[in-house]
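The following note sets out several points for a colleague reviewing this model. Each numbered paragraph takes up one part of the chain.

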Amino acid sequence: MLLIFILSKWRSNENFQKRIRLSGNILNTEEKCREYLEAQRWGDTPACPCCGSTNVHRFATNNRIFKCREKECRSKFSVTVGTIYENTKIPLTKWFLATYILSVHSKGISSLQLAGWLGVTQKTAWHLNHRIRQMLTITAPELLEGIVEIDETYCGGSESNKHASKRTVRGGAGNKAMVLGAVERGGEVRVKVIAKTDQQNVIPVIKEFVAPDTIMVTDEHHAYNKLHLDYTHKTVNHREKEYVRYEDIKVHTNSIEGYWNILKKQINGIHHSVSQKHLQRYCNESAFRYNRRKTAQDERFADALANSEGTLKWKALTAKKA
């Protein structure tokens, strides 16, 4: 069952009317979107977002509103309370379209293009994009096992393209952001922006991502020198132009380097540049799609909506410090 967006122009203006067809149902109204969101968030049993109780009832006069029957709570709520949709003035039909694009499109979408599709301002689309990226964050990731490849990459403009007065170093990483990644062969990826590629920053993140006694494959970077203490560590020497070595396993980092290619195409091809402050959310977006590359589009969309709890306020998004 494929999730299909039907895009047709309004006769009255240049905006698009968006409709979503899921398993034969067209989600083109607020009520249908709310019903689908209730099913993804609660299933058949609505739960109070304040106390977690399932002892609730729906108002007959306004079926969007529920009330908790617990004496200590008695809260009134809707399905959007406690989610990124809470208090939003944007229709859920537009939220669903944006969520679908970011969850299934191979490289995502720029806020400028999304603004044109939704008929909103670029500022609104930018905020909406980041709130959806917050949804796509893995909240409780499972540890990677088996054969895991580790590598780091740098995101940011080339020093040679900058004005001489703004260059930090001659060549090298300069002030680029550093990103550490771990991918289980044939499985999922974990990505995290780090302050520096040294042992003090790299080792704790690897332990956060990878189960003990895993076979670890890296390049010859010095930050990985102590991995043998907790893992079976194998390396390839890229400086000597060694990219694969055949032992009991294939020793290479091609999988994680392939993921870096996907991430760089998203950043360079769609967004052109991103700030270090927001880089982690762009990485989370890319990792979400990579980890669900074998699932159907409607399943990715449903997974995103099921993880809609929490929010990202405008003040927090635009604060000077992340």
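1. A residue counts as exposed when its relative accessible area is over 50%, and as partly exposed between that value and 20%. Lys241 has a relative accessibility of 65% and therefore counts as exposed. This residue is placed in the loop that joins strand 11 (232-235) to strand 12 (245-246). The model under review is a predicted one.

2. The backbone of Lys241 also deserves attention. Most residues other than glycine have a negative phi. Lys241, which is not glycine, has a positive phi near 60°. Arg74 likewise has a positive phi near 60°. Arg74 belongs to the loop between strand 5 (66-68) and strand 6 (76-77). With a relative accessibility of 41%, Arg74 is partly exposed, because this value falls between 20% and 50%.

3. For the chain as a whole, the model contains nine helices and 13 strands. Of its 322 residues, 41% are classed as buried. Among contacts with a separation of 6 or more, 58% are between residues 24 or more positions apart.

4. Arg300 is buried but forms no salt bridge, and Glu299, the nearest side chain of opposite charge, is 7.9 Å away. A polar atom of the Arg300 side chain does lie 3.0 Å from the backbone oxygen of Arg292. Leaving out residues up to four places away in sequence, Arg300 touches Ser103, Val104, Phe288, Arg289, Arg292, Arg293 and Thr295.

5. Which residues does Lys107 contact, leaving aside neighbours within four places in sequence? They are Lys265, Gln266, Ile270 and Arg289. The C-alpha atoms of Lys107 and Gln266 are 4.8 Å apart, although the two residues are separated by 159 residues in sequence. Lys107 occupies the loop between helix 2 (92-104) and helix 3 (111-118). Its relative accessible area is 30%, so Lys107 is partly exposed.

6. The last point concerns helix packing. Two packed helices are described by the angle and the distance between their axes. The axes of helix 1 (residues 30-42) and helix 2 come within 8 Å and cross at roughly 55°. Helix 1 and helix 2 are therefore oblique to each other. Helix 1 contributes Glu30, Cys33, Arg34, Tyr36 and Leu37 to the contact, and helix 2 contributes Leu92, Thr93 and Phe96.

Notes: Residues are numbered from 1 along each chain as its sequence is written. This is a predicted model: local features need pLDDT of at least 70, side-chain atom pairs count only at pLDDT 80 or more; totals for chains, interfaces and linings use all residues. Side-chain values use heavy atoms; hydrogens and water are left out. Buried means under 20% relative accessible area, exposed over 50%, partly exposed in between (1.4 Å probe, protein chains only). Lys and Arg count as positive and Asp and Glu as negative; His and the chain ends are not counted. A salt bridge is a side-chain nitrogen of Lys or Arg within 4 Å of a carboxyl oxygen of Asp or Glu. A polar contact is a pair of N or O atoms within 3.5 Å; within protein, one must be able to donate a hydrogen and the other to accept it, and residues adjacent in sequence count only if both atoms are side-chain atoms. Contact means heavy atoms within 4.5 Å. Helices (H or I, at least four residues) and strands (E, at least two) are DSSP runs, numbered from the N terminus. Axes are lines fitted to C-alpha atoms, for helices over the stretch in contact, and angles run from 0 to 180 degrees between N-to-C directions. Angles under 35 degrees count as roughly parallel, over 145 as roughly antiparallel, 65 to 115 as roughly perpendicular and the rest as oblique.
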